[in-house]
Each structure stands twice: as structure tokens, then as C-alpha cells.
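These are my notebook entries on a single chain. I record below what I looked up, entry by entry.

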Amino acid sequence: RGSAKVMTDWSNVTVSGHQELGLKPEELPKSKCVLGFIPVIYYSILLCVGVPVNILTAVALSRLASRTKKALYYYLLAVTGSDILSQLFIIFVGFLLETAVFHRDVPTLLLHSVSAAEFAANHASIWSTVPLTVDRYVALCHPLLHRQISYPARARKIIAGVLALSLVSGVPFFWWSDMWRNSDPPTALDTILIWTHVTIIYFLPCSIFLVLNSLIIHTLRSAPPRRLGKTTAMLLAITSVFSVLWAPRTVVVIYHLYVSSVHRDWRVHLAYDLSNMLAMLNTAVNFFLYCFVSKPFRGAVRDVLLLRGAPTNASISSLYSGNNKRSQRDSIPLSPRRTRKPS
């Protein structure tokens, strides 16, 4: 097929189109995959590169978190872990195995169960960024409150709650229709699931990112003006990259639902394949963003690759800041002795 399984189930054959052609849904020709084997090659490369770099990211962040005891690192670990799950369930199981290898010729129960797992992993990957954004907002706009409420134990509870809600949110998509094989128009349930999905994975999180990031920027520009710290810059980069990479797919899905069909129109099919490829790229870019911004993170990665011990107090003070002044600007504790623990 031309895209990952969780991304390739929408198909809409409009009633007006049926009436104009005078054909039944099953009699209409099916659109061809213009890209051929390009998606298979692309997703294979993305999987082979993305999973190792995300595992490397997780190990490096684990070292930093164990040394500094900062809640920020646990949120980043949650994002990385969710990205790994998305790559395994959506790309490896959903696309490469179910679709490209077995051509969806698997038991229906297994097909729907994997679909629910894919949506749950997808939602977790996106919503793990929300607590990170809230944490940075509180750190910059309410620094005293941040020192009181931001600590690893609370971060772990928040992450567990996000993952649990993501798992629950994937359950309704057990009934997600296999529209690549079903040429009938979408039912009311299909429409509800599609709108629920695009709201969960794009409209709602992007609204939160937009509001909180706007407040952060406003605070930085207020008197006295402050420079944009590396932690804040990284947050803006992560949320901006997500918004850009997922926007095309969201537009194509809605266009497919109301205007034309992925199942019947090769142009929509092509646009859908390309937008899915962009969306899945989001699961593999954070490692390179971290390396570009953070010298301590690069040092932690280098230590992992060279099989060195955990970083020392002298070599790491913050994931995104190499000096005390910048860390104070972002209201991040600089060392374990300054970390406020819960009473």
C-alpha cells in the first residue's frame, strides 16, 4: 500500500459522485498507488534510523534524569518512548507487516486490535508533548510555583495519566473501518471517528501549543525583556515541527471525507501518501533537534556511544543550557542540591 496502516483507512465515495456516474460503489474503479514501492523504502529507512536514534535518545535522557532529578527529563523521556511505540506499531506492524507483507490478509480481530493499538500509540506520542509545554509555561511565567510543583514523582504520575488516557482513547478505533477495501460511503460512525481522531491528534493539542507558546513569548517580551533560552527554543521547535508535519495530513483527511475519495481518486491517494510520510517523520526528528541545541545532550550521547559511565556533576548542569545564567532565565534547577523536593 501507499501509506502506514493507521494512516490509510479513510475512503469516501460521495453519494453525488455515485449518482453522476450511475455506478454502485463496488463498480467504481479503485485508485492506484502512484508512488509504487517508494513508501515501502521510505518507511523501512525511517524505521531503521528512527528506532535506534530514539533508543539512543532514551538512554541519554535517562542518564541525565538520574543525575539531575529534573521533571523536564521525564517528560522528554515520555515523548521519546511514545515515538518508539508509534514507530513499532504504526510503521513496522501496521504498514510493513500487515499491509506491505501480508496485504491485510490477516484475521479481522487481529486487524482491529492492532488498529486500536496504533491509534493509542499515536495519541500518546502527540499528547506526551502537552505536559512538557505546560511545564515550560509554568517555569517561565510562574517560576516560584514551578519550583514547588515540578518534581520527578509528580511528573511520573502525570505521564502515567497521559499514557492511560491515550490507551483508553484508542479503544473506540477498534471499529475503524478498513476503507481501502470498503468502497461504500462512510457511515455516521466513520465520520465521528475521523473527526474524533483529527481533533485528538491535531486541533486540540495545537490549540494548547498555540495558547501556551503565545503566553511564553509574551512573557519573554515583557519588561524587562529576556532572551529566548535554549529550553524554550527547543520547546517551540518541537511543537512547531509537529504542527507543520501533521497539517497536510489533517487537511487531506478532511478533504477526503467531504470532497473526494482516497479509494477512488489517485490524486487524493497521492496527497494522502505524501502527507502520511511527513507525519511519520515527526517520530524521528527530536534526536537531531536535541543534538543541534544541547551541548550536554551531545556529551551524554557521546558517552553512551563510547560506553562511558554516567555524566559527572561538572559535565552536566541542564539538558538545554550549558551555563547557570541561561538556566535561571528558563527557571530550571541547575543541580540536585537546588531541586525542590515535595514535603
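**Entry 1: L97**

I worked from a predicted model throughout. I began with L97, which counts as partly exposed at 29% relative accessibility. The cut-off explains the label, because buried requires under 20% and exposed over 50%. I located L97 in helix α3. Leaving out residues up to four places away in sequence, I found L97 touching F92 and F102.

**Entry 2: The chain as a whole**

I next looked up the secondary structure and noted 13 helices and zero strands. Read from the N terminus, the order of elements is α-α-α-α-α-α-α-α-α-α-α-α-α. The chain has 343 residues, and 54% of them count as buried. I also checked the contacts with a separation of 6 or more, and residues 24 or more positions apart account for 82% of these.

I then followed L132 on its own. Setting aside its neighbours within four places in sequence, L132 is in contact with L72, Y75, L76, L235 and I238. As a general remark, nonpolar side chains tend to be buried together in soluble globular proteins.

**Entry 3: α2 against α12**

I looked up how α2 packs on α12 and noted an angle of about 110°, with the axes 9 Å apart. That angle makes α2 roughly perpendicular to α12. The crossing of α2 past α12 is right-handed. On the α2 side I listed L56, T57, V59, A60, L61, R63 and L64, which meet F297, A300, V301, D303, V304 and L305 in α12. By residue class, this contact of α2 with α12 has 10 nonpolar, one polar and two charged residues.

**Entry 4: α2 against α10**

Is α2 roughly parallel or roughly perpendicular to α10? I found that the axes of α2 and helix α10 (residues 266–281) come within 11 Å and cross at roughly 5°. The two helices are therefore roughly parallel to each other. From α2, the residues in contact are I38, Y42, Y43 and L46, and from α10 they are D273, N276, M277, L278, M280 and L281. I counted this contact of α2 with α10 by class as eight nonpolar, one polar and one charged.

**Entry 5: α4 against α7**

I turned to helix α4 (residues 108–127), whose axis comes within 7 Å of that of α7 and crosses at roughly 145°. I noted a right-handed crossing for α4 past α7. A116, F119, A120, H123, A124 and W127 in α4 meet V162, L163, S166, L167, S169 and G170 in α7. The residues of the contact of α4 with α7 comprise eight nonpolar, four polar and no charged.

I checked two loop residues. K69 is placed in the loop between α2 and α3. Although K69 is not a glycine, it has a positive phi of about 60°. K69 is partly exposed, its relative accessible area being 39%.

V285 sits in the loop between α10 and α11. Is V285 buried or exposed? V285 counts as buried, at 16% relative accessibility.

**Entry 6: C206**

My last entry concerns C206, which lies in helix α8. C206 is buried, with a relative accessible area of 13%. Not counting residues up to four places away in sequence, I found C206 touching F242 and S243. Between C206 and S243 I noted 37 residues in sequence and 6.7 Å in space, C-alpha to C-alpha.

Key: Residues are numbered from 1 along each chain as its sequence is written. This is a predicted model: local features need pLDDT of at least 70, side-chain atom pairs count only at pLDDT 80 or more; totals for chains, interfaces and linings use all residues. Side-chain values use heavy atoms; hydrogens and water are left out. Contact means heavy atoms within 4.5 Å. Axes are lines fitted to C-alpha atoms, for helices over the stretch in contact, and angles run from 0 to 180 degrees between N-to-C directions. Helices (H or I, at least four residues) and strands (E, at least two) are DSSP runs, numbered from the N terminus. Angles under 35 degrees count as roughly parallel, over 145 as roughly antiparallel, 65 to 115 as roughly perpendicular and the rest as oblique. A crossing is left-handed if the near helix is turned anticlockwise from the far one by less than a right angle, and right-handed if clockwise. Ala, Val, Leu, Ile, Met, Phe, Trp, Tyr, Cys and Pro count as nonpolar, Asp, Glu, Lys and Arg as charged, and the others, Gly among them, as polar. Buried means under 20% relative accessible area, exposed over 50%, partly exposed in between (1.4 Å probe, protein chains only).
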